[in-house]
Amino acid sequence: MQHVLVTGAGGYIGSVLVPKLLDRGYRVTAIDRFYFGLDKLVPHSNLTMLQEDCRHLTEEHFSTVDVVIDLVAISNDPSGEMFKEVTYEINHSARVRAATLAKKMGVRQYILPSSCSIYGFQDREVIVDEVANTNPLTVYAKANEKAEQDVLPLADNYFSVTVLRQATVYGPSPRMRFDLAVNGMAFGAWEKGVIPLMRDGSQWRPMVHVEDTTDVMCLLLETDPELINGEIFNVGSNRNNYQLGELAQEIATALPIEVKVDWYGEPDHRSYRVDFGKIEERLGWKAKYTAADGALQIYKALENGTLEKTEQTITLNWYKQLVKWERIVKQVDKYGGILEIEKAGSFASMQ
Ligand SMILES: NC(=O)c1ccc[n+]([C@@H]2O[C@H](COP(=O)([O-])OP(=O)(O)OC[C@H]3O[C@@H](n4cnc5c(N)ncnc54)[C@H](O)[C@@H]3O)[C@@H](O)[C@H]2O)c1
């Protein structure tokens, strides 16, 4: 049985990927600090959950591993700008360290899930492929690019390295994120009949469903290394390259209610239109979902109560909460607890 180590496994993409790997017969070690909770992965006989910080991984973590899928990250632009140093530590240094340790310990394959956001801003008429110039504008995008640049040279005949530049992801997940464009639009439409649209709507942004991008990760595990070793693939589809105004219109049309558009923010400086020909031609892979499919799924899940918006679903808000409560708990903690509620046996009576 092949053993796959997934970092950031309790996150938005990881909590969709891990059950898929288990279904396909892989043994999985899921490493995460589980900042978004330990409840996002369902226990399974072939799943080991390890609450560990990726900045502190050691050789032993890789000793029986065949493949690493290194999802760990501070995962969006606003969080990256707020926690700059930590973002470089986790998204760049910890991932290069993981790839280096994996290679040393004889792991055969390493996959770096990166982001199309490293294309940053491109002229409107340009469509960027994997060899085009990048233009990362934010700490998050710069850290991803640095990780790419430092892990790709580790590739050799015994250690296959592949970079996946994912489009902006959408669709339901156990660790839901409503801070992603399609998901946020679907939520706004469901809650108030309003689609939030970042100015000025003409910016290009490619999208990919979370089921599609996790399918690609699974596909790479079964693909001849000759086709993917040392390679970068944009992950998405040409039909899911949207100008955000057009995306909002498409989502509005797909939903079973009347919606209007509500503009917000300063004009967005990120705009990139991406070519997804390489993944289709070389791997014979095609995305299954459109953004409208994903928005409708989310709308229905909100409607039937299987999805809800909590503070955890907005990444930056949740990290800010954790930092705030860390400070408060440290201030009031005494003798290893607060009020020693559990010790006094009064916890049950409070519930
Ligand atoms: N979601 C998207 O639209 C998207 C698009 C392109 C690329 N990506 C990339 O895909 C990856 C996963 O994104 P996501 O949306 O699942 O993000 P996420 O925030 O939901 O998941 C990241 C996970 O990493 C964990 N984590 C953070 N720091 C850690 C540390 N030091 N040690 C251990 N665990 C830690 C968090 O607890 C979280 O579970 C990231 O690398 C992200 O950059 C995501």
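Two strands are said to pair if DSSP finds at least two bridges between them, and strands (E, at least two residues) and helices (H or I, at least four) are DSSP runs numbered from the N terminus. In this structure, threonine 162 has glutamate 231 in β10 as its bridge partner. The model is a predicted one, in which local features need pLDDT of at least 70 and side-chain atom pairs count only at pLDDT 80 or more, while totals for chains, interfaces and linings use all residues. Residues are numbered from 1 along each chain as its sequence is written.

Strand β10 (residues 231-235) runs parallel to β6, and five bridges join the two. β6 also pairs with β5, again in the parallel sense, over seven bridges, and here proline 113 stands opposite leucine 164 of β6. Between β5 and β6 the chain passes through helix α4 (residues 139-151), and this β-α-β crossover is right-handed, a term which means that, with the strands pointing away from the viewer, the path from the first strand over the helix to the second runs clockwise.

Strand β6 (residues 160-166) is mostly covered, with seven of its seven residues buried, that is, with 20 or more other C-beta atoms within 10 Å of their own, the C-beta atoms being placed from the backbone. On one side lie Ser160, Thr162, Leu164 and Gln166, and on the other Val161, Val163 and Arg165, so that both faces are covered.

The ligand is surrounded by 28 residues, the closest being Gly8, Gly11, Ala73, Ser75 and Val169; a residue counts as near if its C-beta atom, placed from the backbone, lies within 6 Å. Elements giving two or more residues to this shell are β5 (109-115) and β7 (168-170).

Conventions:
A residue is buried if 20 or more other C-beta atoms lie within 10 Å of its own, exposed if 12 or fewer, and partly exposed in between; C-beta atoms are placed from the backbone.
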